[in-house]
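Dear colleague,

Please find below the structure for your review. My notes on the findings follow it.

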Amino acid sequence: MRDYPLDHFGFYEGAGYRQAVADQVAFLRRHFAAPAPTAPSTSPPQTSRRSPIYDYVIVGAGSAGCVLASRLSEDPTVKVALIEAGGADDAEQIHVPVAFGQLFKGRYDWDFSTDPEPGLDGRHAYLPRAKALGGCSSINAMIYIRGHRADFDEWASGGASGWAYDEVLEYFKRSEDNERGADEFHGIGGPLAVSESRSNHPLADAFVQATAQAGLTQNADFNGAEQDGFGRYQLTQRGGMRCSTSVAFLHPAMDRPNLTVLTDAMTRRVLFHGERATGVEIQRGGQVEEIRAEREVVLTAGAYQSPQLLMLSGIGPAADLTAHQISVIEDLPVGHGLQDHLMALVNWRTDRESLMTAATLENVALLEGEGRGPLTSNLGETGGFIRTREGLEAPDVQFHAAPVLFYDEGLGVPTEHGYAFGPCVVKPSSRGQVSLRTAMPDSKPRIVHNYLATEEDRQSILAGMRLAMEIAGQPALQAITTGPFVAPASHYDEDLMAFVRKCAQTLYHPTSTCAIGSVVDAELKVVGVEGLRVADASVMPSIVRGNTNAATIMIAEKAADLIKTGARATSGAAV
């Protein structure tokens with residue numbers, strides 16, 4: 001077995017995945033010694049002495065926080081603290097791609113849900129969110145999609161100066177290590193591995209064949225010159241193993257003396273002196289501590305919890321904060337503008353082998369010996385983008401196809417072979433809201449996405465469902481399908497929409513609750529206060545067309561440059 005560097009954890013040729021995971025767990029335990037278990041206490045947390053002062057305090061070690069901590073700590077003269085409410089990313093199910101669904105509703109999941117969604121017949125939608133290093137990049141489907149050029153140009157034209165496509169492309173390329181090589185649209189040598197699928201499951205390929213038979217455009221690179229069309233997704237994997245932002249950015253930086261990572265530490269609020277953020281208050285080990293920031297506090301807790309933290313700290317809609325007896329520091333529309341991708345998957349039975357039986361000794365050997373096979377599957381292996389009506393400047397619907405049954409919001413357990421595919425509204429016009437449930441920091445926020453609130457969104461999902469049924473009728477899928485498992489009652493529009501309202505689910509892509517232009521400025525600084533920024537998916541003025549992880553990483557890369565540039569300007573002014 002070949003040695004491999006722990007600071008690039010993943011699957012390497014000749015290295016068994018069991019040993020890779022075991023070594024990674026040992027690495028994490030050296031850096032994150034678990035505290036001794038204590039009996040539950042009914043007493044309030046005790047306030048301890050203040051912690052050392054850092055230059056930058058980053059809240060949330062997720063898709064953005066890991067990137068930002070790594071980039072800022074590249075400067076050995078600054079001290080960086082990264083605070084994470086969850087623990088280390090030491091579960092085997094995190095690193096073996098096909099197993100991520102086993103993490104839902106466990107200790108690595110915040111296990112949020114919406115309030116009743118009017119557009120889904122009043123259902124409460126399940127919202128898994130990762131509670132571990134890497135955040136949702138540690139439990140997502142690893143699909144590498146940046147969004148459409150039009151998304152970023154729309155941001156810029158709406159006032160987000162510096163965020164046009166041609167301006168952010170360099171940040172996408174900076175992160176990327178694409179195994180296809182470098183070109184006009186792609187980079188190599190970055191921390192984030194972007195690779196081809198190592199599963200290539202025949203059921204997923206049958207879906208792509210059916211789209212071609214339906215006369216739909218094919219596309220080999222959704223991040224290239226054009227987004228429209230169908231094909232295989234590229235993935236954030238290295239040699240068949242997950243390459244989260246924790247693996248790609250944080251672990252290689254962990255031994256830097258100027259970087260401190262605090263896990264199992266829940267941030268309660270941002271601290272202020274007047275209108276300047278001076279640090280955060282956290283709770284860990286039964287104690288409340290103050291973590292001080294000399295220069296800036298940066299929130300990277302995601303589109304649900306970054307706005308929650310701002311509101312707990314006195315920044316948000318004044319009437320709402322006053323109702324919770326929170327003193328208002330700045331009256332801003334925090335939590336407003338929430339967007340997400342709504343997906344409706346149709347499930348079909350098949351007589352072909354699916355991922356239901358992936359965990360065989362033969363497939364383990366494929367993963368260990370060659371870094372390929374069903375255990376490397378990200379589930380949503382194939383898909384594509386379409387425009388459902390004339391006059392659209394970019395796609396309004398995206399498809400995902402999985403070579404296994406995927407139903408009941410991803411919580412259903414497959415008991416027979418099958419496959420699933422369906423549309424999502426990739427550029428919704430509906431907007432929801434995140435608000436406080438209580439003023440207690442450990443209360444889960446109130447979330448309403450307001451799915452399908454607009455006629456435009458309803459028509460997009462309906463057109464996507466019509467196309468899904470057309471694709472299902474093509475020879476490539478008819479040859480392997482034995483019947484419906486979870487499917488609409490008929491092809492009529494009324495039944496298609498009834499199916500959507502009953503079965504549609506999140507695609508796990510919340511954005512836009514601390515948007516540029518309303519809550520933060522184009523440099524991601526919170527409006528009306530000093531020393532505080534937000535740098536995650538919540539700052540998107542509107543959701544991007546496609547899976548949001550790549551765009552979130554880009555935001556963190558650009559945020560690091562903005563912070564460094566601001567620090568240099570301040571230093572120069574002081575001189």
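The side chains of Arg-268 and Glu-281 meet in a salt bridge at 2.8 Å, N to O (a side-chain nitrogen of Lys or Arg within 4 Å of a carboxyl oxygen of Asp or Glu). Arg-268 belongs to strand 12 (residues 266–273) and Glu-281 to strand 13 (residues 276–284), so the pair ties together parts that are 13 residues apart in sequence. Helices (H or I, at least four residues) and strands (E, at least two) are DSSP runs, numbered from the N terminus.

Please note that this is a predicted model: local features need pLDDT of at least 70, side-chain atom pairs count only at pLDDT 80 or more, and totals for chains, interfaces and linings use all residues. Residues are numbered from 1 along each chain as its sequence is written, and side-chain values use heavy atoms, with hydrogens and water left out.

Glu-281 is buried, with a relative accessible area of 12%, whereas Arg-268 is partly exposed at 22%. Here, buried means under 20% relative accessible area, exposed over 50%, and partly exposed in between (1.4 Å probe, protein chains only).

The structure holds 33 salt bridges. One of them joins Asp-115 and Arg-437, with the closest N and O atoms 3.3 Å apart. This pair links distant parts of the chain, 322 residues apart. Asp-115 is buried at 11%; Arg-437 is partly exposed at 38%.

Finally, helix 7 (residues 245–253) is mostly covered, with 8 of its 9 residues buried.

Yours sincerely
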